[in-house]
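Dear colleague,

Please find below the structure that I am handing over to you.

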Amino acid sequence: MAKLDWITEELNELKEKGLYVKIRVLQSAQGPWVVVDGKKVLNMCSNNYLGLAAHPKIKEAAIRAILDYGVGAGAVRTIAGTMELHVELEEKLAKFKKREAAILFQSGYNANLGAISTLIKKGEDGVFVSEELNHASIIDGMRLSGAPKVIYKHLDMEDLKKKLEEVKDKKKKLIVTDGVFSMDGDLAPLPEIAELAEQYDAMVYVDDAHGEGVLGEHGRGIVDHFKLHNRVDFEMGTLSKAFGVIGGYVAGPEEAIDYLRQRGRPFLFSSALNPPDVAAAIASVEILQKSDELVKKLWDNTHFLQKGLRDLGYDLGNTKHPITPVMLYDEKLAQEFSRRLYDEYNIFAQAIVYPTVPLGTARIRLEPSAAHTKEDLQYVIDAFEDLGKKTGFLK
Ligand SMILES: *Cc1c(COP(=O)(O)O)cnc(C)c1O
């Protein structure tokens, strides 16, 4: 069909530029070792930080919920889709985050879309003050809103102050930032952001997708890590990363969450999370509420891996998190490393290159989890030593 020829052209262009993504298929459960295309490989690129995605307690909770409540929620939350499980999870999340209330969405992406587009709307006397490297879902939330935005430079508090000064007469101002930046593992300077927000009477919204289950006591997240409870208005989180399931949420003041329940578009116009997913997420939150053992194991593994790689001479940038960017700088070299790790060492690790990160900052991003053993991680370190020497990158 000639009218679809443009798709062939666009796909060819992606392939020519090396931007066409080959999607690998897992034939086993998510975990430290996975079977991909018939081959068992060491998984160093999933966000399953605590190994909960296939945890026996989580699986049991999901199975029990199917028997009690079925598989589908059957409607949007505001019509007939709110089950007691949804309410229970919202209450448990609010308690875990030490906030008054929480609202669930179908994913972290939907949480950002729904909350951000509702907090400031087009035509109001308001503006988003957004960090330069924010996640795509935050950017899409601002787009859905249509309200104006100003962008401040990555981690640059002088620039944030300058931008707040420019918009200080607006009635509503929302500072919105990732808590942990997913390509580098660096953290937003939340104490300074909270301080500036108070000075300029701005609301603060933090996306804690990578902080959840990782930072703070028992993995309560970045706000707990910095002890800023109630000085950050909105804490968005995902249930798909450390919590190992699916879903997203926003925690904050009771009335604000009530407002999001009335106006958040994905909450109103897309069906509720399924009962087994909600029950599994409840079990995940309960595991973390009870014990910080997995979080401690994750950090122990992280320190082990990062020390081993640094000792070899690798630059890991400014990471303060299990996200471990092994800097190779050159795009072609990073692609070659990723391919050879997979082909020659059975290590599944992703190359991150331009345009996801700036030119000349290509890297392999490793993500250790609590489910890896020290032997697994030593194997990765040894592979990086071997391959680093073979390619001439390590002298
Ligand atoms: C993964 C991620 C999201 C989206 O979460 P999902 O639950 O996967 O939709 C949002 N923000 C950030 C920073 C993320 O890393």
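Valine 176 stands opposite tyrosine 205 in strand E7. This is a predicted model, in which local features need pLDDT of at least 70 and side-chain atom pairs count only at pLDDT 80 or more, while totals for chains, interfaces and linings use all residues. Residues are numbered from 1 along each chain as its sequence is written, and side-chain values use heavy atoms, with hydrogens and water left out.

Helices (H or I, at least four residues) and strands (E, at least two) are DSSP runs, numbered from the N terminus. Two strands are said to pair if DSSP finds at least two bridges between them. E6 and E7 pair in the parallel sense, over five bridges. Leucine 174 has methionine 203 of E7 as its bridge partner.

In E7, four of the five residues are buried.

**The seven-stranded sheet**

E6 and E7 belong to an open sheet of seven strands with mixed pairing, in the order E3-E9-E8-E7-E6-E4-E5. Strand E3 (101–105) and strand E5 (149–152) stand at the edges with a single partner strand each, so one side of each has no neighbour in the sheet. From one strand to the next, the twist averages 20°.

Strand E4 (residues 126–131) runs parallel to strand E6 (residues 172–178), and five bridges join them. Glycine 126 stands opposite lysine 172 in E6, and serine 130 stands opposite valine 176 in E6.

Contact here means heavy atoms within 4.5 Å. Axes are lines fitted to C-alpha atoms, for helices over the stretch in contact, and angles run from 0 to 180 degrees between N-to-C directions. Helix H5 (residues 108–119) lies across E3, E4, E6, E7, E8 and E9, and runs at about 170° to E7. Helix H8 (residues 190–200) packs on the sheet and touches E5, E6 and E7, its direction making about 175° with that of E6.

**Serine 117 in helix H5**

Serine 117 is located in helix H5. Is serine 117 buried or exposed? At 7% relative accessibility, serine 117 counts as buried. A polar contact is a pair of N or O atoms within 3.5 Å; within protein, one must be able to donate a hydrogen and the other to accept it, and residues adjacent in sequence count only if both atoms are side-chain atoms. A polar atom of the serine 117 side chain lies 2.6 Å from the backbone oxygen of leucine 113. Leaving aside residues up to four places away in sequence, serine 117 touches Asn112, Gly141, Leu144 and Ser145.

**The ligand and lysine 241**

A residue is near a molecule or strand if one of its heavy atoms lies within 4 Å of it. Of the 15 residues around the ligand, Gly108, Tyr109, Asp207, Thr238 and Lys241 come nearest. For histidine 135, a side-chain N or O atom is 3.3 Å from a nitrogen atom of the ligand. Histidine 210 has a polar side-chain atom 2.9 Å from an oxygen atom of the ligand.

UniProt, in an unreviewed entry, lists Lys241 for "modified residue: N6-(pyridoxal phosphate)lysine". UniProt positions are given in the numbering used here, feature names are shortened, and annotations may be inferred rather than shown by experiment. Lysine 241 lies in the loop between E8 and E9 and is buried, with a relative accessible area of 16%. Not counting residues up to four places away in sequence, lysine 241 touches Asn47, Asn48, Tyr49, Ala209 and His210.

With kind regards

Methods
Buried means under 20% relative accessible area, exposed over 50%, partly exposed in between (1.4 Å probe, protein chains only).
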